[in-house]
Each structure stands twice: as C-alpha cells, then as structure tokens.
Amino acid sequence: MQYAILAAGRGERLGAPAKPLVTVAGEPLIGRLLRQMGAATEVTVIATAAVADWLGACDAYARAIVVDSPSPVASLRRALDEAAPGMLVVATADAVCSDSAMTAFIAEAAAAPDGVSLTGVTRYCDDERPLYVHTDPDMYVAALADEPDERACVSAGIYAFDVDTARRAIAEPSLTRLRDFQRRLLATGPMRAVDLGRVYDIDRPADLDAANRYFAS
C-alpha cells in the first residue's frame, strides 16, 4: 500500500504559516495523519517549504516534495507522478478523523477488489461547499452531487484508488477541483463510500475550535 498527503495548503484564514501545522488535540494536522498511517512503508507529502522543514525536524518517516501548488488537483497530480502502480491512499491534510476510522479505511483499501476506488464520507457537515455522495444501500456511489439526498453523506477528503486509473481520470489539464477529479474517477468504474464517522474539514478558526473540542474530549 502506498500513501500520500496533500499538504501544500496555506493557512491564511487560520492565521497560520501553513494549514497542515495547526494543531488538533495538541498534534499538528500533518503529524496526526502520519501517525495514523504509521504502518506505511512510505508516505509522500506534497508540501510547502514550512511543512517540509517541520518534517525534516521530526522523526516521522515521510518523503516531502516541496511545491507551490495552485490547487489540490495539482498536488494530486504530483503525488501520482511519484507513485508506483497499485493502490494509493490519499488524504488532504485538513481532513481530521479518528484513529479507528483511518485504520478501518486503510483496511478497506487493502481489501478492495480490483477496479474499485474508495472515498471516505461523513454525515457531519459544516463545510461551506460540501460534495454530497449519493450511495446505494451497499454504499456504492451512485452520484457525486452539489445537493444532498436522503442519506446526506459528504466527501471527507480521504480516498483510495488505483494509480494508473487515477492518472487517466486526472489527465484533463483544466481540472482544478478534487470533486471534478472524483466525478471523472467515478465514470471509470465502481466507487465505494466508507463511512468515517465524524470528520472535520479544517478551513476556518471555527472548524479548528470544533475539532479541538471533539477530539480532546
């Protein structure tokens, strides 16, 4: 299994030099993800210089690739360039879930049938522009939409997919949003949603406060 973290986001709205370095329950977001991926043999981190400096000063095993990324899709393209064929687990640095949820997701990714991609979902939604994931009763994705259905799951920023399939899905140069990449990936084959419980998308100070209250309790 291969792992990548998209950690090139800026932290202006959070008043931080780099979003991945803000802390939840006393732990930087990037450090939390690396710990949760602790069984990984290698984690590729697409990072700003500040995040790369942090990684260089700690004991976490990760390979930092410093980029000035114009979009999350550009960061994902770089992660895919570095990946070998096979399954890749990808997390955005601002997606905060429980340790048990990440462990379960990684197990699902390891057991996924050939050709099936995974997307982590949550029923907790405090996002400004969520991507709703419509599923059938077996949690296979029927649509990725801007409006909710009766299950009201939203994308949680944690994914797993075949590297070669993802490269084909992301090949269109005009793609800049992860949701559009996900839609293209869904068009290539089956996608299964994995419920991660409560997941916080850290964009604003209020998100950070809420995540700290929840995970510190």
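1. In which sense do strand β9 and strand β10 pair, and over how many bridges? In this predicted model, β9 (residues 132-135) and β10 (residues 141-145) run antiparallel to each other and are joined over four bridges. Within this pairing, H134 stands opposite A143 of β10.

2. The two strands make a hairpin, with five residues between β9 and β10.

3. T135 belongs to strand β9. Is T135 buried or exposed? Its relative accessible area is 5%, and the cut-off for a buried residue is under 20%, so T135 counts as buried. Leaving aside residues up to four places away in sequence, T135 touches Y140, V141, A142, D149, R151 and A193. Of these contacts, V141 and A142 fall within the residue range of β10.

4. Helix α4 covers residues 99-111, which makes 13 residues. From first C-alpha to last, α4 reaches 19 Å, close to the 18 Å expected at 1.5 Å a residue.

5. Which residues of α4 are buried? They are A101, M102, F105, I106 and A109. These residues lie on the same side of α4, because they cover an arc of only 135° around the axis. The general rule is that an α-helix has 3.6 residues a turn, so residues three or four places apart point the same way. The exposed residues S100, T103, A110 and A111 are on the other side of α4.

6. What do the buried residues of α4 pack against? One partner is a helix, α1 (29-36). The strands they pack against are β1 (2-7), β6 (87-92), β8 (117-122), β11 (153-162) and β12 (191-195).

7. A156 is located in strand β11. With a relative accessible area of 8%, A156 is buried. Residues touched by A156, not counting those up to four places away in sequence, are A95, G120, V121, T122, L196 and V199. A156 and T119 are 37 residues apart in sequence, while their C-alpha atoms are 7.6 Å apart in space.

8. The largest pocket holds about 1200 Å³ of space. It is lined by 42 residues, of which P72, D94, L178, D201 and D203 are the closest to its centre. Elements that give two or more residues to this lining are β1, α3 (72-82), β11, α6 (178-188) and β13 (200-201). Which element gives the most to the lining? That is β11, with five residues.

Key:
Residues numbered from 1 in each chain as written. Predicted model: local features only at pLDDT ≥ 70, side-chain atom pairs only at ≥ 80, totals over all residues. Heavy atoms only, no water. Expected span 1.5 Å × (residues − 1). Buried < 20%, exposed > 50% of the residue type's maximum accessible area, 1.4 Å probe, protein only. Arc of directions from axis to C-beta. Contact = heavy atoms within 4.5 Å. Pairing = 2+ DSSP bridges. 1 Å grid on protein atoms, 1.4 Å probe; cavity = no way out; pocket = protein on both sides within 12 Å on 5 of 7 lines; lining within 4 Å. Points joined across faces, edges and corners; volume = space filled by probe spheres on them.
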